[in-house]
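Reader: I would like to learn how to read the main features of a protein model, going from the overall fold to individual side chains. Could we take them one at a time?

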Amino acid sequence: MRLFLRRDIPPLTRILLVESGSRHLFDTLIPKLFQIYGDTIEIDLITCFAGIPQGFRGTVSRVTDYTDPASRVQLLTRLKAREYAAIGIICAAEPIMTKWKWWLAAKVPAKLFVINENCDFFWADIGQWRLILHFMFFRAGLTGAAAVPAIARLLFFPVTLTYLLLYAGAAHLRRKIHASHLH
């Protein structure tokens, strides 16, 4: 995740998209990217799906082709050699390719942008820290009406765990004392 501490966006000549969500998102996003940044940008794709999104005309890599560590190293080497300006990952409420998207976001030296389920996206940099924080809280269920019960569960978890451990310990101790009195 390169350029997090910088707000500027590099010239977008080559983008890597990680299809870690529903296919329809990239069917909408790819034409949008060409409209915003021009038809000259190159877009490559990493996916777990068969086929390609509508309007896609780049290189496709399928995660099913990289099952062992050596092949993943080869993939990473090839991706780094492509010198992507940006990497886009889908952060929707779908657990698709979760490990892959975060591994690629960390390893591919490119500016990260995050795509939500509405096909909106934002650049992951220090200038967007409030949006990133809100996005994380929203995904964790810590915003709106759901926030109060979720926060209460988080706060009471240590108390509940301690109570359960003490109860289990007392029950086992009583059983051990009772068993020693019988012998």
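Author: Let us begin with burial: a residue is called buried when its relative accessible area is under 20%, exposed when that area is over 50%, and partly exposed in between. The model shown here is a predicted one, and of the 183 residues of its protein chain, 36% count as buried.

Reader: How many helices and strands does the protein chain have, and which pattern do they follow along the sequence?

Author: The protein chain holds five helices and six strands, and reading along the sequence gives the pattern β-α-β-β-α-β-α-β-β-α-α. Among its contacts between residues at least 6 apart in sequence, 66% join residues at least 24 apart.

Reader: Which strands pair with strand 4, and in which sense do they run?

Author: Strand 1 runs parallel to strand 4 and is joined to it by four bridges, while strand 5 pairs with strand 4, also in the parallel sense, over five bridges. Ile87 of strand 4 illustrates both pairings, being the bridge partner of Leu16 and having Leu112 in strand 5 as a bridge partner.

Reader: Is strand 4 enclosed or open to the outside?

Author: Five of the five residues of strand 4 are buried, so this strand is largely enclosed by the rest of the structure. Both of its faces are covered, with Ala86, Gly88 and Ile90 buried on one side and Ile87 and Ile89 buried on the other.

Reader: Which residues touch the most other members of the largest nonpolar core?

Author: That core has 22 residues, and those touching the most other members are Ile46, Leu79, Ile87, Leu104 and Val108. Two or more residues each come from strand 1 (14-18), helix 2 (69-81), strand 4 (86-90), helix 3 (98-107) and strand 5 (111-115). Leaving aside residues up to four places away in sequence, Leu104 touches Val18, Ile46, Leu79 and Ile87. A second, separate core of 21 residues includes Phe26, Phe34, Ile90 and Ala92.

Reader: How should I read an aromatic pair?

Author: A pair of aromatic rings is described by the distance of the centres and the angle of the planes. Three such pairs are found in the whole structure, and one of them, Trp100 with Trp103, is edge-to-face, at 5.7 Å centre to centre and 90 degrees between the planes. These two residues are three apart in helix 3 and are therefore separated by about one helical turn. Trp100 is buried, with a relative accessible area of 15%, whereas Trp103 is partly exposed at 26%.

Methods:
Residues numbered from 1 in each chain as written. Predicted model: local features only at pLDDT ≥ 70, side-chain atom pairs only at ≥ 80, totals over all residues. Heavy atoms only, no water. Buried < 20%, exposed > 50% of the residue type's maximum accessible area, 1.4 Å probe, protein only. Contact = heavy atoms within 4.5 Å. Core = buried A, V, L, I, M, F, W, Y, C linked by side-chain atoms within 4.5 Å. Phe/Tyr/Trp six-rings, centres within 6.5 Å; stacked < 30°, edge-to-face > 60°. Pairing = 2+ DSSP bridges.
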